[in-house]
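Have a go at each task before you read its solution.

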Amino acid sequence: MYSISFFSVPQCLCVYMNTPTTDMTTPSVDIIIPVWNSPFETRACLAAILEHSPEARLIIIDNGSSRETELMLEEFSEPLGEQALFITSERNIGLVPAINRGLASSDADFAVIVRPQVMVGHGWLEALLETAGMPQVGIVSPVFRGSGAVEVPRPGSGCSLLETFSLSFAALLIRGEMHKQLGGFDEGLDGAEWCLRDYIRRAEIGGYHTCVTALPELVCSQEIIFGSQDRRREQARLSREIYLSRWGVTRHYCLYFGPETDASDLSGTVEAIVAATRRGHRFTLLLHRRQFKEFRRRGWNRLHTA
């Protein structure tokens with residue numbers, strides 16, 4: 001059983017600049033925060049979100065927390081008013097089901113998942129929205145730093161945005177219309193690698209791309225993990241088996257074109273490579289100097305982290 005309460009926060013307009021779309025309206029945003037204990041860390045996370053993104057609505061999911069955390073959330077939420085949503089669960093139903101409840105309660109243009117160990121800063125939401133405003137982009141990840149920084153590949157030097165196949169539930173933006181089309185995350189998979197890979201593949205089939213942007217860079221502290229390590233390993237193993245049976249094996253390929261190949265003739269090949277990376281495959285390209293210069297000139301080195 002779970003309950004839902006409504007609160008409100010003061011609204012202000014979000015200045016949405018340099019967006020490659022022609023729609024000048026301000027997008028609506030729901031920020032989903034799944035909470036399980038860690039009251040001090042959670043309060044700091046919520047306070048930072050309110051300070052740096054007051055235009056967004058908060059959806060706080062109390063995932064069967066202790067009474068101390070529950071009281072903190074009630075105290076924090078009470079003055080917020082009608083435009084924040086507080087969902088409580090009598091027991092810990094797990095990270096992915098909690099996130100799905102938050103997504104099911106969102107009717108905004110974009111939903112952003114932020115876990116309590118993440119601290120947001122100035123301009124973080126605007127940067128994610130700017131990337132999400134690009135055509136066909138359905139999922140956007142920031143990069144992370146700090147003691148609990150997760151392995152989301154960074155765009156290389158001179159590049160602030162790349163498509164990717166690596167994500168983390170630490171912080172993640174999801175396009176609302178895509179979620180309506182795809183539904184939620186698969187709760188039968190783990191709350192990490194294989195669940196996210198499955199969602200990326202579903203998004204790709206639906207015509208949506210997954211990107212990582214170098215801005216913003218969010219601070220992520222170390223998450224305290226409870227429970228049996230053996231049980232987590234077993235869940236990851238079963239999730240991997242389910243993923244592979246559903247989508248097949250992913251591979252790492254090495255390609256060499258030969259010294260006589262003109263890189264300007266490889267447009268079709270590059271398109272095929274990018275299509276394969278969107279399905280989880282990785283590629284190492286061995287290029288001669290002239291080919292490498294042509295790849296850089298055409299921007300082919302700024303397409304995908306894989």
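Buried means under 20% relative accessible area, exposed over 50%, and partly exposed in between (1.4 Å probe, protein chains only). This is a predicted model, where local features need pLDDT of at least 70, side-chain atom pairs count only at pLDDT 80 or more, and totals for chains, interfaces and linings use all residues. Residues are numbered from 1 along each chain as its sequence is written, and side-chain values use heavy atoms, with hydrogens and water left out.

**Exercise 1.** Find what share of the 306 residues in the protein chain is buried.

*Solution.* Apply the cut-off to the protein chain: buried residues make up 47% of its 306 residues.

**Exercise 2.** Check the length of helix α1 (residues 39-52).

*Solution.* Start with the term: helices (H or I, at least four residues) and strands (E, at least two) are DSSP runs, numbered from the N terminus. The expected span is 1.5 Å times one less than the number of residues.

Next, pick out its buried residues: P39, T42, C45, L46, A48 and I49. With contact meaning heavy atoms within 4.5 Å, these buried residues pack against β2, β3, α2, β5 and β6.

**Exercise 3.** Is S89 buried or exposed?

*Solution.* First locate S89: it sits in strand β4 (residues 84-89). S89 counts as buried because its relative accessibility is 11%. Finally, look at its side chain: a polar atom there lies 2.7 Å from the backbone oxygen of R91.

How values were computed
Polar contact = N/O pair within 3.5 Å; in protein donor to acceptor, adjacent residues only side chain to side chain.
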